[in-house]
Amino acid sequence: MSEARPIQKLLVANRGEIAVRILRTAKEMGLRTVAVYSDADRGALHVRLAHEAVNIGPPPSRESYLVGEKIVEAARLTGADAIHPGYGFLSERGEFNRLCWKNGIAFVGPPADAQDAMGVKTSARARMKAAGVPVVPGSEGPIADEREAKAFADGIGYPVMIKAAAGGGGKGMKKVEKAEAFLPLWQGAKRESASAFGDDRLYVEKFLERPRHVEIQVFADRAGNTVWLGERECSVQRRQQKVVEESPSCILDDGMRRAMGEVAVRAARAVGYVGAGTVEFLVDASRTFYFLEMNTRLQVEHPVTEMVTGLDLVRMQIEVAQGLPILRQEEVVRRGHAIEARVYAEDPAKGFMPSPGRISYLRVPGGPGIRDDSGVYTGWVVPQYYDPMISKLLAWAPTREQAIAKLIRGLGDYHVHGITTNVPYLRAVLRHPAFGSGVYDTGFCQAHQKELLVQPDAQYAEVALIAAAVAAFKRDHDDAEAFAARAGAQAGRSSWLRIGRARALRGGVR
Amino acid sequence: VTTYVALLDGGRREESIEVRMLGPGVYEVRIGDTVRRVDAFRHDSGTVSLIVDTESYSVQLDQRVNDVRVHIRDSVFPVEILDEKRLRMRRAAGKFTVEGRQTLLSPMPGKVVRVLKRPGEAVGEGEGVVVIEAMKMENEIKSPKDGTVVEVLVREGQAVEGNARLAAVE
């Protein structure tokens, strides 16, 4: 990281909702903006919202969004002086970070060395252990050989977690229940990890029974002021993928919150952190917390913290990149309760199979306390190449009960046609008594799998039939009328005129 | 009066519906013995406001290739609406069955990452035959029946379109 200076033009090296999110703040700050897009994303919303846009190649992210040289070239071409990486893709790659700075372009994020230290999850664990932060038992480093990995797993006992050393966002992460299942899952994780991060190194960790996933948002400026902005409870997960996030967490009291916040700040300071970061913890049944990993980027669920603190984390990131100071710890105020639900293009009834395709209709909720961070529009074809998340819907209210009710209401007004989404599933999660009570853990989705699959309510079947039949009737009726109108117009023309024309064409006697 | 037949539960259930127009946007709908007065107002391509007797519903109609997904409150009903002519055509085409040769189709565009079964191998109902990767997730395409894989039409690494033929089970 070299010296800070004002930013005039910001390139957003991402796509989808997060690219849109960053572009919105950049525009509010009066910056010129540049989008990059793959061939599959020519029509994407972020391309339309930026001042300039540069094509960076074929649809697979390995050939476009993951190619650092192409991104830097796009920045040079447009004269962008800063790059915001968003989340995923290149956001946590130290080498990309360095490549930006080497080309005189500011990387909006932490120093490359801090990313390296936290990026390889195994070395991060070792560092945190040295700094006195409790970590989950697991392998010291990545394991290359699958037999050796299995032997290690056999040693610590099942269940275990296989994790990608370069990982994040649940990609390349597998829970192994028993020894026989180890090798196929290891191979699957290797492929997923290679395709998502371009790095297939894996490690093994002991799986904690029924833990909660609680993370702390931290922020640091270049002057060394490091603050924590509160927690996000992310225990509602399906296949290691977060589904619903909220703040505050029901299991934290002020003392524990402060303790975790201070540990998170210590973790950030230990690697010389600057900018927005998230320290993830697992909390077990006895409310002991363990360091899981640090995400050295903006997080998908960052709006939860924004709604509770009233801060704009993207604006803060850009300001820190320009050398400006952030607020002091005692200035951080948290009020009320915020919840986020991730809207995915997937079909819960078919094992959550992705549902890419054309969005034929989109109507999103509004009203007080609702925020929709979306990356799509009516007519957009959701491509098969990328993450199936199309939007994040958030609700803020003074209390948790009200926030839940508000988000349920908002999701009820969320209409996406043409593709199948998990919206009814999200409503079922929010309505579930275990979620309502606040006593839930990362096993929630699995434990309540059946109850969360929404079956159609028989009392509305009659209305559904009426609606479908009336719509069919109207369509047939309109078609018949239109046909009759055209046929009628034809018949109404003068026959003399027709005969005259026919004669003229034949060239007969006039 | 126009009579429609609605197919529900993937064609396992049929319901006959009579629609008569009383005036602009006002209909009388008969299902079995029940007759309802319905005021329908089409807001836009996807939303219809229905007032059934006095109860008000905002109904979403998501028109797909083969059916319409009717969304009411938290419920989604996939309905196929046929008039008499379409119903006769459907009946002639035969019923749903897993008997005989079944072709496995790709439910979405993606990439074949693994082929789990070779031609001639036995397969159980619900057992995976091909693994397709789409949107960074792996999805197993499963056999709908107990039987034998008679044909595999894709290779590992191959890109496939939605509805592409993957394999056949008999």
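Tyr386(A) is buried, at a relative accessible area of 2%, where buried means under 20% (1.4 Å probe, protein chains only). The model is predicted, with local features needing pLDDT of at least 70 and side-chain atom pairs pLDDT 80 or more, while totals for chains, interfaces and linings use all residues. Residues are numbered from 1 along each chain as its sequence is written, chains are lettered from A in the order in which they are written, and side-chain values use heavy atoms, without hydrogens and water.

Tyr65(A) is also buried, with a relative accessible area of 0%. Rings of Phe, Tyr and Trp (its six-membered ring) pair if their centres lie within 6.5 Å; planes under 30 degrees apart are stacked, over 60 edge-to-face and the rest tilted. The count is 12 aromatic pairs over all chains. Two of them are tabulated.

| Pair | Centre distance | Plane angle | Class |
|---|---|---|---|
| Tyr65(A) and Tyr386(A) | 5.6 Å | 80 degrees | edge-to-face |
| Phe182(A) and Trp186(A) | 5.6 Å | 25 degrees | stacked |

Helices (H or I, at least four residues) and strands (E, at least two) are DSSP runs, numbered from the N terminus. Ring pairs join Tyr65(A), Phe89(A), Tyr385(A) and Tyr386(A) into a cluster.

Phe182(A) and Trp186(A) are four residues apart in helix α8 (residues 182-197) of chain A, so about one helical turn separates them. Phe182(A) is buried at 0% relative accessibility, and Trp186(A) is buried at 1%.

Technical notes
Buried < 20%, exposed > 50% of the residue type's maximum accessible area, 1.4 Å probe, protein only.
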